[in-house]
Amino acid sequence: MSLQVKNLDYQIDGKSILEQICLEVKDGEFVGLVGPNGCGKSTLLKNIYRTYKPGRGTVFLNEKDVLDFSFKKMAGEMAVMAQENHVEFDFEVRDMVMFGRYAKKKFLQGDSAEDKKLCEKCLKEVGLSGYEHRSYLSLSGGEKQRVLLARVLMQESAFIVLDEPTNHLDVSYQYQIMDILKGQDVTVFSSIHDLNLAALYCDRIIFMYQGKIVDYGTPEEVLTKENIREYFGIEAQITTNTATGKRQIYYLPGWIKSGKRA
Ligand SMILES: Nc1ncnc2c1ncn2[C@@H]1O[C@H](COP(=O)(O)OP(=O)(O)OP(=O)(O)O)[C@@H](O)[C@H]1O
């Protein structure tokens with residue numbers, strides 16, 4: 001499953017939030033979206049998963065305009081883990097995960113033995129076996145995040161879009177979740193704050209700044225000292241991690257440059 005965004009603009013209350021966005025995620029790629037707070041990552045993802053309708057431009061999934069998909073068809077093609085997941089009513093964890101099967105069911109069709117087995121497998125994969133009957137609202141932030149990932153896996157879609165999937169997670173689950181995503185035979189497009197995680201897991205990275213794409217390429221091409229200084233305003237030291245062979249970024253406080261510690 002491939003994604004193409006062509007000439008996308010988006011405004012909120014007359015203010016331009018996204019400008020001339022063009023990007024491509026090829027079938028089977030794991031592409032990260034990085035950039036400072038407020039640069040437009042979530043807004044771009046919302047345009048892709050249709051919470052927002054572009055002011056101009058088009059989002060294509062396998063060369064078809066996403067606006068032509070029915071909601072059910074869309075749910076079958078694309079699984080989404082958004083940043084805000086307000087749940088008004090409480091549900092058991094098992095039900096939250098089962099919602100991922102919506103696109104695969106007929107009206108009022110119940111859960112099959114296969115669905116139940118898959119639900120157990122997905123919960124196990126995110127480290128939540130035994131949580132089936134817990135109330136979703138009683139979970140910690142990290143546990144909720146993992147339930148939402150289990151729901152995404154339950155959808156068995158060929159394309160997964162995630163907005164900051166490692167938010168709320170402790171360091172061990174951050175890596176576990178990224179490993180799970182990387183191990184899926186699907187296309188992944190995800191915003192990621194942690195540039196070291198992006199360097200480790202992404203095939204390509206798209207760098208955003210002030211509503212525009214300012215760079216894209218492999219982690220080695222994009223995660224440079226210059227880009228980090230220019231767009232995040234922080235100095236960095238970059239090495240190659242000898243264990244992973246990937247970029248390792250160390251951030252440097254301002255006083256290193258001035259020589260005066262605060
Ligand atoms: N509903 C809204 N009304 C007004 N401004 C908005 C709205 N939603 C987003 N914005 C603004 O659009 C800009 C982009 O926001 P967005 O959430 O897409 O950024 P982001 O890159 O995902 O940020 P973060 O890294 O902090 O999650 C920000 O300046 C934000 O304040």
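Colleague: What makes you say that helix α1 (residues 41–48) lies across strands, and which ones?
Modeller: α1 lies across β3, β7 (159–163), β8 (187–191) and β9. The wording rests on contact, which means C-beta atoms, placed from the backbone, within 7 Å of each other. α1 runs at about 150° to β7; axes are lines fitted to C-alpha atoms, for helices over the stretch in contact, and angles run from 0 to 180 degrees between N-to-C directions. α1 also lies across β1, β2 and β4, at about 120° to β1.

Colleague: How do you know where a helix or strand starts, and what kind of model is this?
Modeller: Helices (H or I, at least four residues) and strands (E, at least two) are DSSP runs, numbered from the N terminus. The model is predicted: local features need pLDDT of at least 70, side-chain atom pairs count only at pLDDT 80 or more, and totals for chains, interfaces and linings use all residues. Residues are numbered from 1 along each chain as its sequence is written.

Colleague: What makes β3 (residues 30–34) and β9 (residues 204–209) a pair?
Modeller: Two strands pair if DSSP finds at least two bridges between them. β3 and β9 are joined by 4 bridges and run parallel, so they meet that rule. Val34 stands opposite Phe207 in β9.

Colleague: Why are β6 (78–81) and β10 (212–217) said to stand at the edges?
Modeller: The open sheet has the order β6-β7-β8-β3-β9-β10, with mixed pairing. β6 and β10 each have a single partner strand, so one side of each has no neighbour in the sheet.

Colleague: What is the strand order of the sheet with antiparallel pairing?
Modeller: This open sheet of 4 strands has the order β2-β1-β4-β5. Its edge strands are β2 (15–25) and β5 (64–65), each pairing on one side only. Between β1 (residues 3–12) and β4 (residues 56–61) there are 5 bridges, and Leu3 stands opposite Leu61 in β4.

Colleague: Why is α5 (residues 141–154) described as largely enclosed?
Modeller: A residue is buried if 20 or more other C-beta atoms lie within 10 Å of its own, exposed if 12 or fewer, and partly exposed in between, with C-beta atoms placed from the backbone. Of the 14 residues of α5, 11 are buried, so the rest of the structure largely encloses the helix. The buried residues include Glu143, Arg146 and Leu149. Their cover includes β6, α3 (93–98), α4 (113–125), β7 and α6 (171–183).

Colleague: What follows α5?
Modeller: Just after α5, Glu156 takes a positive phi of about 45°.

Terms used: Two residues are in contact if their C-beta atoms, placed from the backbone, lie within 7 Å.
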